[in-house]
Amino acid sequence: MRSPASVRRPRSVDSFWSMHAGPVAAVVFSPDGGQIAFTTQRTDRDNPDRTARTTLHVMDPGRPESARALATFESGGWVGWRFSPDGRHLAAIEYKSANESHVWIVDVATGKVTAAHKKRRRRVEFLDFMNDIVAAHPDTIIHVVLDNL
């Protein structure tokens, strides 16, 4: 029989959140439940512009010690985090203002961040963007919802 000190106790939610710097802002599970992604936000109070930085983390929900930072973003307006159906990518919206938002894609394995938008929004840039998406996901059915064209 094991002694009480050697019995592994489940971590509380509070102890999990306290392992990471800054408040946790978003939590999302992968479609298969094998990964959880979450963001933390820190504000550099010593910097006069008080820039908020958002860090994206992923981990195995059964092993909190597996948490790793994937990417850090120089703003705090990140919403709508979602895993791709295969769990290999995360997408989010960077909210800048009521008139400006950007979509970003993060590769879960590498942390590579790809802009899913172009600075100019003409037909040519849109077609280039769609061709990039199709090339990156050749065996995937892609549904596109468009607004404000």
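Author: Contact, or touching, here means heavy atoms within 4.5 Å. The model is predicted, so local features need pLDDT of at least 70 and side-chain atom pairs count only at pLDDT 80 or more, while totals for chains, interfaces and linings use all residues. Residues are numbered from 1 along each chain as its sequence is written, and side-chain values use heavy atoms, with hydrogens and water left out.

Reader: What does H89 touch, not counting residues up to four places away in sequence?

Author: By that criterion H89 touches R82, F83, S84, I105, V106, D107, V108 and H137. As for V108, its C-alpha atom is separated by 5.3 Å from that of H89, although the two residues are 19 apart along the chain.

Reader: Why is H89 called buried?

Author: Buried means under 20% relative accessible area, exposed over 50%, and partly exposed in between, with a 1.4 Å probe and protein chains only. H89 has 15% relative accessibility, and therefore counts as buried. Of the 149 residues of the protein chain, 27% count as buried.

Reader: What makes a set of residues a nonpolar core, and which members touch the most others in the largest one?

Author: Such a core is a set of buried Ala, Val, Leu, Ile, Met, Phe, Trp, Tyr and Cys residues joined through side-chain atoms within 4.5 Å. The largest has 15 residues, of which A37, L56, F73, W81, L90 and V106 touch the most other members. Leaving out residues up to four places away in sequence, F73 touches A52, R53, T54, L56, W78, W81, V106 and V113.
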